[in-house]
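The points are grouped by topic for reading alongside the coordinates.

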Amino acid sequence: DLELHLERCQQLSVTVLTDHQDLSNTELKTITNSTAPQQYRIRAKLRTYKPQKLHQSVKLHCSKCNSLQEVPDGDDFDFILRDSANIAPNPELHNTSWYESVTWTTQDQKQREITIHFVKHDEMLQHPEDTLLMIEGGTLKEIWKLTKRFKCVIPVRSTEDDLELLDLSAPFLLQGNVKYYGCKQCSTPKPLKSLSSIAAEQRPSWEPTEIAQALGIELLQYVFIMKFTLVDETGSLNAYVFDY
């Protein structure tokens, strides 16, 4: 457990933070006065680390514009879904050549209308574990139920002439328990019918990168980021961890 490990590190008077056993120890003052890139072995004390909560270390990174952003809250996604549920599914967009549609009305007070579009391959439905589906009007709870059975789920809404993705503040794709997001700045969303080209492949894999490319989405990657402040008798140094 990294969080517990960091707490223990802070309690130690001296902590070895890098390996490089073939190198002799270098003072932090020497490192700060040197030009990068270099390799050093240090003995230093961990003064502070950020963020304090480990889950806050996970961010979303766009490799195209190099931006970093917070992972959206689940409540934000739920709000976007509820807002899109106010848009009634367009029956004219049901049962096309590349997907089969099923619609029903919920039995609760709101009587929401939900439509699921199952993408076909060779005019046939695939096995659930290989199926991509698009859902209109579903709640967060209903979508998570679908991700447990089907390979990919894309939340959508109807327009006059096509299905479209929701606001990119929401994940454009859910696979298993992973939510995939697109960069608002670098993405140029395309109509959902762009997915028909993948459905026509010999063996559609429905990989997130392929889906993102077909939909004009610049895929954001989950990254792990931490900042450590290290000190010795000669000075201090900020060290950053950045990894996919």
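**Salt bridges**

R112 counts as buried because its relative accessibility is 16%, below the 20% limit for that class. The structure is a predicted model, and the count of salt bridges in it comes to six.

- R112 and E142 meet through their side chains in a salt bridge, with an N to O distance of 2.8 Å. R112 belongs to the loop between β5 and β6 and E142 to helix α4, so this pair ties together parts that are 30 residues apart in sequence.
- E142 counts as partly exposed, with 24% relative accessibility.
- A second salt bridge is formed by the side chains of K151 and E207, at 3.7 Å from N to O. This pair links distant parts of the chain, 56 residues apart: K151 is in the loop between α4 and β9, and E207 is in the loop between α5 (196-199) and α6 (208-214).
- K151 is partly exposed at a relative accessible area of 22%, and E207 is also classed as partly exposed, at 36%.
- In the salt bridge between R157 and E164, the closest N and O atoms are 2.9 Å apart. R157 is partly exposed at 22% relative accessibility, and E164 is partly exposed at 30%.

- Strand β8 spans residues 132-136, and five of its five residues are buried.
- Burial applies to both faces of β8: L132, M134 and E136 lie on one side, and L133 and I135 on the other.
- Strand β6 (residues 113-121) runs antiparallel to β8 and is joined to it by four bridges. In this pairing, F118 stands opposite L133.
- Strand β9 (residues 152-158) runs parallel to β8, again with four bridges.

**Backbone geometry**

- Most residues other than glycine have a negative phi, and most peptide bonds are trans.
- The bond joining A36 and P37 is cis, with omega about 0°. P37 is in the loop between α2 (28-32) and β2 (43-50).
- The bond from K50 to P51 is likewise cis, with omega near -5°; P51 is placed in the loop between β2 and β3 (58-61).
- N95 has a positive phi, near 55°. N95 is in the loop between α3 (74-84) and β5 (99-105), and it counts as partly exposed at 47% relative accessibility.
- E123 also has a positive phi, near 65°. Its position is in the loop between β6 and β7 (124-125). E123 counts as exposed because its relative accessibility is 69%, over the 50% limit.

**Surface patch**

- L68, F242 and Y244 make a nonpolar surface patch of about 330 Å².
- F242 lies in strand β14 (residues 235-243) and is partly exposed, with a relative accessible area of 42%.

**Database annotation**

- An unreviewed UniProt entry places the feature "domain: Protection of telomeres protein 1 C-terminal insertion" at residues 75-218.
- Over residues 75-218, the chain is 20% helix and 27% strand, and the end C-alpha atoms are 23 Å apart.

Technical notes:
Residues numbered from 1 in each chain as written. Predicted model: local features only at pLDDT ≥ 70, side-chain atom pairs only at ≥ 80, totals over all residues. Heavy atoms only, no water. Buried < 20%, exposed > 50% of the residue type's maximum accessible area, 1.4 Å probe, protein only. Helix = DSSP H or I, 4+ residues; strand = E, 2+ residues; numbered from the N terminus. Pairing = 2+ DSSP bridges. UniProt positions renumbered as here; feature names shortened; annotations may be inferred. Patch = residues over 30% accessible without salt bridge, like charges linked within 9 Å, V, L, I, M, F, W, Y side chains within 5 Å. Areas by Shrake-Rupley, 256 points an atom, 1.4 Å probe, with all protein chains shown as cover. Salt bridge = Lys/Arg side-chain N within 4 Å of Asp/Glu carboxyl O.
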